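Reader: I would like to learn how to read packing in a model. Please take me through it feature by feature.

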Amino acid sequence: MKIYIDFDDVICETARYLKQIANELFGMDVPYDQIEFFNLMKSFHLNEEQYDQMMEVAHRPEKLLAYEETAGAVETINQWVDAGHDVKIITGRPFNAYEPSHLWLDQHGLNRVPLYCVDKYGRENTIKNSTFNMTLDQLYSMEFDFVIEDSPLAFEHVLHFGDCKVAVFNRPWNKQVELPNVNFVRCAGWGEINQLLKES
């Protein structure tokens, strides 16, 4: 199968780390289960300047390398690669985060999985000096049988892949979102995602 895997909050616990950064920088201590919006400026009650500062700190190489693995991600992905599945990691991180992101994958045993930086969230015009190594049109030209995403903003991109199965990694910011169709299935973790793949 051709498999698309998002990076942040699917393979690693990005929001938990950003929550700590927001608290350290601005004293904004929002409980994890109350991160209701994918828009973290809104979830963390930050102004635009604070949000930009948080994202600048969060994308420093030493910070990106410190993110914790989401339980079960590495083991499951490596099982899929061993089984012959064609796995790709599709992230919305800008390309200037590519090297530390790729190093994180290497350090966690995912060196066999290619990484692509795509402007999934329209950040190229809003984040200074951000570029991406794949356009949305290039992403849409690819084929996938199985997708793992947590971001409601990315669901519209996934719909371009036709009748593929989509594992929606349950997170506080997507729990209230209506899923686009029956191909989108909520999963509580990597065990449920792996089971959904086997049934697909």
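Reader: Which elements do the buried residues of H6 pack against?

Author: Ground rules come before the case. This is a predicted model, in which local features need pLDDT of at least 70 and side-chain atom pairs count only at pLDDT 80 or more, while totals for chains, interfaces and linings use all residues. Residues are numbered from 1 along each chain as its sequence is written, and side-chain values use heavy atoms, with hydrogens and water left out. Helices (H or I, at least four residues) and strands (E, at least two) are DSSP runs, numbered from the N terminus. Buried means under 20% relative accessible area, exposed over 50%, and partly exposed in between (1.4 Å probe, protein chains only). Contact means heavy atoms within 4.5 Å. Now the case: the buried residues of H6 pack against helix H4 (61-64), strand S2 (86-91) and strand S3 (115-117).

Reader: Which residues of H6 are buried?

Author: The general idea concerns helix geometry. An α-helix has 3.6 residues a turn, so residues three or four places apart point the same way. In helix H6 (residues 98-107), the buried residues are Tyr98, Pro100, Ser101, Trp104 and Leu105. Just after H6, Gly109 has a positive phi of about 80°.

Reader: At what angle do H1 and H3 pack?

Author: Axes are lines fitted to C-alpha atoms, for helices over the stretch in contact, and angles run from 0 to 180 degrees between N-to-C directions. Angles under 35 degrees count as roughly parallel, over 145 as roughly antiparallel, 65 to 115 as roughly perpendicular and the rest as oblique. Helix H1 (residues 14-26) packs on helix H3 (residues 48-58) at about 125°, and their axes are 10 Å apart. H1 and H3 are therefore oblique to each other. From H1, the contact uses Leu18, Ile21, Ala22, Leu25 and Phe26; from H3, Gln50, Gln53, Met54, Val57 and Ala58.

Reader: How many residues of each class are in the contact of H1 with H3?

Author: Ala, Val, Leu, Ile, Met, Phe, Trp, Tyr, Cys and Pro count as nonpolar, Asp, Glu, Lys and Arg as charged, and the others, Gly among them, as polar. The contact of H1 with H3 has 8 nonpolar, 2 polar and no charged residues.

Reader: And how do H5 and H9 cross?

Author: The axes of helix H5 (residues 73-82) and helix H9 (residues 190-199) come within 9 Å and cross at roughly 20°. H5 and H9 are therefore roughly parallel to each other. H5 supplies Ala73, Thr76, Ile77, Gln79 and Trp80 to the contact, and H9 supplies Trp190, Ile193, Asn194 and Leu197. By class, the contact of H5 with H9 has 6 nonpolar, 3 polar and no charged residues.

Reader: Which residues have the most contacts inside the largest nonpolar core?

Author: In soluble globular proteins, nonpolar side chains tend to be buried together. A nonpolar core is a set of buried Ala, Val, Leu, Ile, Met, Phe, Trp, Tyr and Cys residues joined through side-chain atoms within 4.5 Å. Here the largest core has 50 residues, and Ile5, Ile11, Met54, Trp80 and Trp190 have the most contacts inside it. H1 gives the largest share of this core, 6 residues. Another core, of 15 residues, lies apart from it and includes Leu139, Met142, Val158 and Val168.

Reader: What does Trp80 touch?

Author: Residues up to four places away in sequence are not counted. Among the partners of Trp80 are Ile3, Ile5, Val87, Phe146, Trp190 and Leu197.

Reader: Is Asp9 buried or exposed?

Author: Asp9 is buried, at 6% relative accessible area. Asp9 sits in the loop between strand S1 (2-5) and H1. Its phi is positive, about 65°, although Asp9 is not a glycine.

Reader: Is His45 buried or exposed?

Author: His45 counts as exposed, at 58% relative accessibility. His45 lies in the loop between helix H2 (40-43) and H3. His45 has a positive phi of about 60°, though it is not a glycine.

Reader: Where is Phe44, and what does it touch?

Author: Phe44 is in the loop between H2 and H3. At 0% relative accessibility, Phe44 is buried. Leaving out residues up to four places away in sequence, Phe44 touches Ala15, Leu18, Lys19, Ala22, Met28, Val30, Ile35 and Met54.

Reader: How far apart are the C-alpha atoms of Asn78 and Gly109?

Author: The separation is 8.1 Å, for residues 31 apart along the chain. Asn78 is in helix H5. Asn78 touches Gly109, Leu110 and Arg112, not counting residues up to four places away in sequence.
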